[in-house]
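This report covers a helix crossing, an aromatic pair and a pocket. Look over the sequence and the model first.

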Amino acid sequence: MIGPGLPHIPLSVSTLVPYLAIGPITLAIFAPLYYEMARGTISSDIPAHAEIVKRVTEGGRWPPHPGLHGLALVLLGFPNSLNWKSTILVLSGITLGSLLVKHLLAATYLASWASFPSANNRESISASCTDASPAGWTLVGLTMCLCLAGPIWSPEIGWQNFYLGKFSPNAWHNPTLLLSWPFIILHFAGLLQCLNQPNFKRLCQVLFYLALATIIKPNYAIAFCGALPITLLLTSFRSPAWTRAVILQLAVAVLVLLPQFAAFQAEENAVVVLAPFTIVSQRSGFIPLTFLTSVAFPLIVAITLRRGLLGNQAFQLAALLFLVAAAQCYLLVESGPGRSALHGNWYWGAHATLFLLFLVSLAALWRATFGEARRDFGIYACWGVFGLHVVTGVLWLTKHFIACSYY
């Protein structure tokens with residue numbers, strides 16, 4: 001094991017070549033995007049984070065996202081005087097590198113989880129690839145489709161906006177989310193293994209990944225703190241070892257979140273208020289449709305495969321994480337006098353956790369289609385809806401690149 005929940009990759013040409021191919025494919029698609037972001041011809045959140053790094057070096061203030069900003073300062077060599085161009089290039093490189101790691105992890109877990117002999121088999125969490133798992137170029141194609149998927153276009157938002165106001169399993173313009181994603185995936189996979197094969201070393205690794213993900217971006221941990229206690233109400237999660245893991249992870253999350261909360265409080269006019277549907281209603285003319293087009297794929301998979309999938313621990317955990325994050329997004333707003341409420345910073349937790357839900361759902365769909373040889377209308381509908389997510393995601397990425405904006 002390389003890390004908790006990370007399966008061993010057999011050292012053969014037929015296995016390694018597809019994994020190695022994911023790197024060049026990712027670079028071919030996204031390197032031009034991040035190059036234009038670095039040049040400033042395409043909008044992104046990278047300049048905003050460069051400005052934060054600049055303020056940190058000039059004023060010595062604690063950064064709101066110390067993971068990204070601290071890594072950038074290390075790579076820049078802790079300069080006394082910040083070079084703007086170098087900072088932009090470093091942040092762009094971190095973002096592209098994080099995206100590549102995310103894609104490699106997605107391929108690894110997709111190959112492993114799609115090989116489960118049963119959706120409810122507790123031992124299958126650590127299973128290696130079998131003949132039923134996607135391999136070769138099929139694995140490459142599935143992984144890239146998964147990592148290009150976006151919310152399905154719908155008329156209540158319009159053609160000018162594929163993304164804002166919706167939840168997306170992928171976002172390509174925010175460096176903190178992208179840097180945190182690999183640790184979120186590792187943490188989620190490690191949790192599944194801790195649930196079924198608990199030991200102290202594995203728990204320490206999971207706590208480490210949680211701390212790193214939280215330091216980089218707090219939204220996942222905030223959603224996690226809300227979702228984890230709910231798992232204790234589910235029979236498949238009840239065990240003394242899991243209860244101890246819940247308590248320890250909540251303690252670590254709170255300890256890591258406290259400095260970030262203090263940094264947030266130090267900002268001018270910063271406050272979190274309860275304002276149900278404030279952000280989404282400014283983007284969407286019909287919120288239920290906006291939600292459904294964001295989650296259509298995992299929803300239809302859950303309906304089609306409900307007998308096995310709804311009792312699956314991985315699906316239950318991913319769904320709980322996303323639903324709590326979505327509730328926080330819909331109910332809470334960062335606001336205050338003279339402060340814009342349109343940023344929608346509570347969306348990041350839902351974006352991050354929706355990718356986990358898509359990953360688990362795609363693995364389950366592959367098992368049903370090729371492991372169980374199901375060929376019925378529901379299975380075809382699931383693949384069709386997944387295709388709609390992928391097509392819209394590609395259109396969104398193209399619009400981002402051509403129109404110079406992700407808005």
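At what angle do the axes of helix α5 and helix α15 cross?

## Basis

This is a predicted model: local features need pLDDT of at least 70, side-chain atom pairs count only at pLDDT 80 or more, and totals for chains, interfaces and linings use all residues. Residues are numbered from 1 along each chain as its sequence is written, and side-chain values use heavy atoms, without hydrogens and water.

## Helix crossing

The axes of α5 (residues 136-148) and α15 (residues 377-403) cross at roughly 65° and come within 8 Å. Helices are DSSP runs (H or I, at least four residues), numbered from the N terminus. Axes are lines fitted to C-alpha atoms over the stretch in contact, with angles from 0 to 180 degrees between N-to-C directions.

In the contact (heavy atoms within 4.5 Å), α5 places Leu142, Cys145, Leu146 and Leu148. From α15 come Trp383, Phe386, Val390, Gly393, Val394 and Leu397. By class, nine are nonpolar, one is polar and none is charged. Gly counts as polar; Leu, Cys, Trp, Phe and Val count as nonpolar.

## Aromatic pair

The structure holds 23 aromatic pairs (ring centres within 6.5 Å; under 30 degrees stacked, over 60 edge-to-face, the rest tilted). Trp172 and Trp396 form a tilted one, 4.6 Å centre to centre with 40° between the planes. Trp172 sits in the loop between α5 and α6 (175-196) and Trp396 in α15, so the pair ties together parts 224 residues apart in sequence.

## Pocket lining

α11 (287-304) and α13 (313-331) each supply at least two residues of the lining of the second largest pocket. α11 gives the largest share, five residues. The lining has ten nonpolar, no polar and no charged residues. A pocket is an open set of 1 Å grid points where a 1.4 Å probe fits, with protein on both sides within 12 Å along at least five of seven lines; lining residues have an atom within 4 Å of a point.

Definitions and conventions:
Rings of Phe, Tyr and Trp (its six-membered ring) pair if their centres lie within 6.5 Å; planes under 30 degrees apart count as stacked, over 60 as edge-to-face and the rest as tilted.
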